[in-house]
Amino acid sequence: MRAAFDGAVVRHGPTVLRVCRAVLGPGPDADDAWSETFLSALRAWPDLPEETNVEAWLVRVAHRRAVDVVRRSARIAAPAGGVDDVALLEEWAGGGRGRSGRGRSDGGWSDGGWSGSRAGDDDELGEHPIWGAVAALPTRQRLCVAYRYLGGLPYAEIAALTGGGEAAARRAAADGVAALRRTVERETVPDQTVPDQTVPDQTVPDQTVPDQTVQTTPTMEEP
């Protein structure tokens, strides 16, 4: 069982980390949510049904742990679930989006269980410009993009996590992806400044006709 859980961390750890970073921004808050996701998963692992889609299950756990991180950061007690989660994350994002900084790479197994090491980490994405574009999305769009395109959840499950209907989740994800495409295209299209098209000097050269005065031959006098 321990080996199976270790394998799940290796296989799905990067996906969970990207989801946490999309929801909370890259930095210690996302790291905390990642670590707590796998601590929760470890406790629940023995009772997990065999047919469970482990990656989707971990993404759902990551959503709840991300919301818990925000609650602790904001030091407020808020109701959980759907619309309330989105409202809490939106308020938190508007207030400064938590702690910033690169993720830590310490941790590992201890007597108490999982302590923070992110198997299969993708730190090279920690400061990638795409995170800035994701962070700029409205909260609902950001969550729907993260859970659909990073976590692979169906829209019905996304709607259950974020509130609203399946159609609303689909629209939010589509709008978020369209906004990201516009941002990426704007930042990657090379400068298309029109080159100088000044017409070269076409002044007609001096065509003054040379002096054609008839030279008269001197008349020779007769002797």
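Asp68 counts as partly exposed, its relative accessibility being 23%, where partly exposed means the range between buried (under 20% relative accessible area) and exposed (over 50%), computed with a 1.4 Å probe on protein chains only. The model is a predicted one, in which local features need pLDDT of at least 70 and side-chain atom pairs count only at pLDDT 80 or more, while totals for chains, interfaces and linings use all residues. Residues are numbered from 1 along each chain as its sequence is written, and side-chain values use heavy atoms, with hydrogens and water left out.

Asp68 forms a salt bridge with Arg71, with 3.3 Å between the closest N and O atoms; the term stands for a side-chain nitrogen of Lys or Arg within 4 Å of a carboxyl oxygen of Asp or Glu. The two residues, Asp68 and Arg71, are three residues apart in helix 3 and are therefore separated by about one helical turn, helices being DSSP runs (H or I, at least four residues) numbered from the N terminus. An α-helix has 3.6 residues a turn, so residues three or four places apart point the same way.

From charged side chains we turn to aromatic ones. The structure holds four aromatic pairs, a pair being two rings of Phe, Tyr or Trp (its six-membered ring) whose centres lie within 6.5 Å, with planes under 30 degrees apart counted as stacked, over 60 as edge-to-face and the rest as tilted. The rings of Phe5 and Phe38 have centres 6.4 Å apart and planes at 75 degrees, so this pair is edge-to-face. Because Phe5 lies in helix 1 (residues 2-24) and Phe38 in helix 2 (residues 28-44), the pair ties together parts that are 33 residues apart in sequence. Phe5 and Phe38 are both buried, and for Phe5 the relative accessible area is 1%.

Phe5 also pairs with Trp45, the ring centres being 5.3 Å apart and the planes at 75 degrees, so that this pair too is edge-to-face. Since Trp45 lies in the loop between helix 2 and helix 3 (54-74), while Phe5 lies in helix 1, the contact ties together parts that are 40 residues apart in sequence. Trp45 counts as buried at 14% relative accessibility. Ring pairs link Phe5, Trp34, Phe38, Trp45 and Trp57 into a cluster.

Helix 7 (residues 155-162) has Tyr155, Ile158, Ala159, Leu161 and Thr162 as buried residues. Viewed down the axis of helix 7, its buried residues fall within an arc of 165 degrees, so they line one face of the helix, the arc being that of the directions from the helix axis to the C-beta atoms. Just after helix 7, Gly163 takes a positive phi of about 85 degrees.
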